[in-house]
Amino acid sequence: MVTPPQLAPRALCFVDMPFGKKKDLASGIEVDFDQIYHLGIKPAVEDAGLEPLRGDEEPAGGIIHTAMFARLLLAEFVVADLTMANPNVFYELGVRHAAKPFTTVPIFANTHALPFDVGLVRAIPYQLENGRLSEAGAARLREELSGRLR
């Protein structure tokens, strides 16, 4: 019996971001974070040779915080979407920055400027049109993010 070749596991990239559609209170725009993830972020992570994992894709059962902290502290890379200054994302970014700041890539949409404390962080901006990524916007995000992750 011939054993099939085993593929080496890819390094994990945890994606820290809101899920679903969220209304930006400042602009009134509904942002489709699932579309941003599937069209821009996930393909960029895969292009960089990494395994993407967003919190809602977590295969482990049990208390969500246990898996989240493990991913934040142990993942080789983290992409954090700072769009709309989501308190959960910022909290998780703080945990990650305390542990591994140099393998954390912040990104944000053009809905508004980043808050002062993270304004100097080298975040990757991306362009939204009516709360969604256009094909061109997704291609730019994919290229910039995969390049940074490499």
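The model is predicted, so local features need pLDDT of at least 70 and side-chain atom pairs count only at pLDDT 80 or more, while totals for chains, interfaces and linings use all residues. Residues are numbered from 1 along each chain as its sequence is written, and side-chain values use heavy atoms, with hydrogens and water left out.

Helices (H or I, at least four residues) and strands (E, at least two) are DSSP runs numbered from the N terminus. Arg-54 lies in strand E4 (residues 51-54). Ala-123 sits in the loop between helix H4 (116-119) and strand E7 (124-126). Buried means under 20% relative accessible area, exposed over 50%, partly exposed in between (1.4 Å probe, protein chains only).

| Residue | Relative accessible area | State |
|---|---|---|
| Arg-54 | 2% | buried |
| Ala-123 | 15% | buried |

Contact means heavy atoms within 4.5 Å. Beyond four places in sequence, Arg-54 contacts residues including Phe-14, Phe-33, Asp-34 and Tyr-37. The side chains of Arg-54 and Asp-34 are joined by a polar contact of 2.7 Å (a pair of N or O atoms within 3.5 Å; within protein, one must be able to donate a hydrogen and the other to accept it, and residues adjacent in sequence count only if both atoms are side-chain atoms).
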